[in-house]
Amino acid sequence: MNAVITTSRITKTYQIGEIQVHALRGIDLSVQSGEFLAIMGASGSGKSTLMNLIGCLDVPTSGRYYLDNIDVSSLTKNEYADIRNKKIGFVFQGFNLLSRTTALENVELPLFYDRSRRIKNPKQAAREALERVGLSDRMDHVPNQLSGGQQQRVAIARALVNQPSILLADEPTGNLDSRTSVEVMSVFQELNEQGITILIVTHEDDISRYAKRIIKMRDGHILDDSPIKKATSARQILEIMKEED
Amino acid sequence: MLQLSNLLKASFTSIMKNRMRSLLTSLGIIIGVSAVIVMVGIGSGSQKRIAKEISSLGNNMIIVFPAFSMRGGVSRGAGSFNRMTMEDVEAIREEATQVQYVSAVVMSAGQVVGNGNNWSTSVQGVDPEYQHIRVWEISSGEFFSDRDVRTLKKVAVLGKTVADKIFGSMDPIGQKIRIRNTPFKIIGVLKEKGQDARGQDQDDIVYAPSTTVLYRLKGDRYVNSINASAVTLESIGKAQEEIMTILRREHKIEPGQNDDFNVANQTAITEMASETSRIMTMLLGAVAAVSLVVGGIGIMNIMLVSVTERTREIGIRMSVGARGQDILTQFLLEAVVLSVTGGIIGILLSFGIALILNNWTTVNTSIGSGIVALSFTFSAAIGIFFGFYPARRAAALNPIDALRYE
Ligand SMILES: Nc1ncnc2c1ncn2[C@@H]1O[C@H](COP(=O)(O)OP(=O)(O)O)[C@@H](O)[C@H]1O
Ligand SMILES: [Mg+2]
């Protein structure tokens with residue numbers, strides 16, 4: 001099997017003064033290349049914590065995490081940074097765009113830190129990524145001139161620009177209306193068809209049905225892990241929506 | 001690490017995107033640097049000026065003034081009982097072994113007329129030795145001689161200002177001037193001395209033989225003061241004692257009676273002056289230190305206020321793949337650019353202020369390279385430290401912790 005992500009008994013414990021918060025209590029998860037995973041669960045069940053660990057934004061308290069069969073915990077900080085730069089595209093729940101910086105410059109940012117310079121023309125690549133999320137007419141706008149949905153799409157374009165093999169998105173439709181949500185899911189499905197492994201966190205059943213596999217979490221455990229026989233096509237839903245208009 | 005030029009570009013971009021923050025940071029440095037340079041410049045400028053004035057005052061000088069006196073129960077104001085005479089001067093010259101030069105000083109004032117011009121100035125009658133006591137140098141001609149004094153000769157030596165006012169570019173030597181209708185022949189012109197401590201033009205003066213001024217111009221017999229100089233700096237005290245003994249005898253002052261004269265010497269004047277300038281330098285230094293601290297606190301505040309925003313920015317950059325060194329280098333460059341620009345502007349500003357002070361006011365500033373280097377280094381260090389420190393802390397965090405920072 002070609003597992004891109006394997007976690008083994010991963011735990012994460014936050015220490016707040018005297019109190020210990022067990023956000024993850026031993027997660028065993030394996031994700032194959034090309035999967036489209038939806039992580040669901042109540043608020044506080046540990047979804048974001050798990051995503052951050054998979055995205056190499058944080059380190060687990062215990063357990064092992066293998067990315068492309070490499071034990072990530074043995075890597076240096078710089079190698080960690082390079083993984084975030086090349087392998088993983090991360091879409092944050094709160095966007096995390098640089099303020100006073102245009103959409104185009106925000107999307108270009110990962111390319112600035114790419115030492116390999118795989119992508120020859122960063123400006124062009126950033127423009128294409130923005131076109132892909134339907135924001136070609138807002139490239140020179142700074143975040144506070146953009147709506148929540150538009151900022152979300154800038155964040156997605158930034159996650160895509162470095163052509164990652166894994167895309168992680170924490171509640172990517174949390175701030176979007178239902179129409180835009182479906183548009184975003186359609187972009188994700190398209191990327192997934194091109195071979196990118198996708199993990200999204202959501203608490204909306206409507207959204208999870210576009211995935212190929214659903215994981216349910218509670219109190220830092222995986223409660224349920226089930227494949228979906230036939231995922232809904234976001235493109236078809238969009239067409240139906242258009243006809244209804 | 002990424003290419004330095006790219007990181008420098010990123011720093012500039014960040015500076016330009018956050019103009020207000022950049023401006024306020026630099027402002028702290030500008031104020032700190034310029035305040036310190038100007039303050040210390042004023043301090044050392046006035047110290048230098050005082051030192052120069054003391055040396056232009058003369059060598060080991062002793063001055064004798066008539067004093068407030070009580071005689072026969074009647075009190076009279078200083079100078080009103082003007083009892084010092086030419087005989088006193090002669091007695092000092094003859095007897096005081098520790099006195100090298102002595103001269104009477106007879107003050108007068110009036111219109112000096114010559115060459116179709118007139119100029120109101122101060123006319124002083126002195127002895128030839130006065131030239132050495134006050135260290136006057138001659139620029140053309142000569143000073144008058146003992147013979148000129150003995151014979152009440154009507155000759156005069158002009159200060160530079162008077163020579164310029166009356167004769168302009170013409171050579172005054174051999175020309176005639178009239179002082180209060182008495183004709184004087186000019187035999188010398190003095191070298192320029194400039195202003196004294198009170199800002200008075202020392203070159204606005206005419207010197208003539210003491211006897212000539214005393215007997216011919218004023219028709220008086222009392223001199224205004226006696227200037228003398230001791231053989232050495234160490235002998236000032238002894239010379240002063242000798243002068244006092246001689247004058248008491250000449251003035252027939254009984255033991256226990258008050259003197260009718262006052263003696264001041266240069267050591268006392270020097271001490272007072274340097275004490276004054278020392279206090280002034282200390283005050284200015286304190287003001288400068290305060291401005292440096294205030295500037296530093298300003299820089300610190302701006303930097304700390306923006307820590308949250310900056311830490312989040314660092315979190316974003318790290319989450320898309322920036323390495324720790326990339327962050328550190330960019331932020332260090334940014335702090336250096338801001339601090340150095342601010343420091344240079346501060347230095348230029350202080351030179352501008354010094355220029356204005358020197359040309360438009362009586363305040364003298366003298367800017368030393370040491371204080372420029374010191375204040376620049378100090379402010380730049382504060383700027384760089386407070387710019388760099390939050391970056392260093394943030395770069396050590398996990399990206400997610402930097403993003404969550406509040
Ligand atoms: N930085 C943190 N410090 C302390 N506790 C945290 C932190 N992040 C998350 N937690 C706690 O861990 C648990 C899981 O949080 P999270 O992963 O954000 O849940 P979810 O995304 O599923 O809503 C929650 O109880 C939350 O309060
Ligand atoms: Mg969450």
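Biologist: Leaving aside neighbours within four places in sequence, which residues is Arg213(A) in contact with?
Modeller: This is a predicted model. Beyond those neighbours, Arg213(A) contacts Leu29(A), Ser30(A), Val31(A), Glu35(A), Phe36(A), Leu37(A), Ala38(A), Asp225(A), Ser226(A), Pro227(A) and Ile228(A).
Biologist: Which element is Arg213(A) in?
Modeller: Arg213(A) belongs to strand S9 of chain A, residues 213-218.
Biologist: Arg213(A), buried or exposed?
Modeller: Buried, because its relative accessibility is 11% and the cut-off for buried is under 20%.
Biologist: Switching to helix H1 of chain A. Why is it described as largely enclosed by the rest of the structure?
Modeller: H1(A) covers residues 47-54, and seven of its eight residues are buried, so the rest of the structure largely encloses it.
Biologist: Which ones are buried in H1(A)?
Modeller: Lys47(A), Thr49(A), Leu50(A), Met51(A), Asn52(A), Leu53(A) and Ile54(A). After H1(A) comes Cys56(A), with a positive phi near 60°.
Biologist: What about phi at Asn69(A) and where does that residue sit?
Modeller: Asn69(A) has a positive phi of about 65° although it is not a glycine. It is in the loop between strand S4 (62-67) and strand S5 (70-71) of chain A. At 59% relative accessibility, Asn69(A) is exposed.
Biologist: And Asn96(A), buried or exposed?
Modeller: Asn96(A) is buried, at 9% relative accessibility. Its phi is also positive, near 55°, and its loop runs between strand S6 (88-91) and helix H3 (103-112) of chain A.
Biologist: On to chain B. Which residues form the positive surface patch?
Modeller: Lys154(B), Lys176(B), Lys185(B) and Arg216(B). Arg216(B) is in helix H7 of chain B, residues 210-218, and is partly exposed at 41% relative accessible area.
Biologist: Which residues of H7(B) are buried?
Modeller: Ser210(B), Thr211(B), Thr212(B), Val213(B), Leu214(B) and Leu217(B). Just after H7(B), Gly219(B) has a positive phi of about 60°.
Biologist: Which residues make the nonpolar surface patch?
Modeller: Met20(B), Leu23(B), Leu24(B), Leu27(B) and Ile31(B) make a patch of about 470 Å². Met20(B) lies in helix H2 of chain B, residues 19-57, and is exposed, with a relative accessible area of 56%.

Methods. Residues are numbered from 1 along each chain as its sequence is written. Chains are lettered from A and ligands numbered from 1 in the order in which they are written. This is a predicted model: local features need pLDDT of at least 70, side-chain atom pairs count only at pLDDT 80 or more; totals for chains, interfaces and linings use all residues. Side-chain values use heavy atoms; hydrogens and water are left out. Patches are made of residues with over 30% relative accessible area and no salt bridge: like charges are joined within 9 Å, nonpolar side chains (Val, Leu, Ile, Met, Phe, Trp, Tyr) within 5 Å. Accessible areas come from the Shrake-Rupley method with a 1.4 Å probe; for residues, only the protein chains shown count as cover. A salt bridge is a side-chain nitrogen of Lys or Arg within 4 Å of a carboxyl oxygen of Asp or Glu. Lys and Arg count as positive and Asp and Glu as negative; His and the chain ends are not counted. The place of a charge is taken as NZ of Lys, CZ of Arg, CG of Asp or CD of Glu. Helices (H or I, at least four residues) and strands (E, at least two) are DSSP runs, numbered from the N terminus. Buried means under 20% relative accessible area, exposed over 50%, partly exposed in between (1.4 Å probe, protein chains only). Contact means heavy atoms within 4.5 Å.
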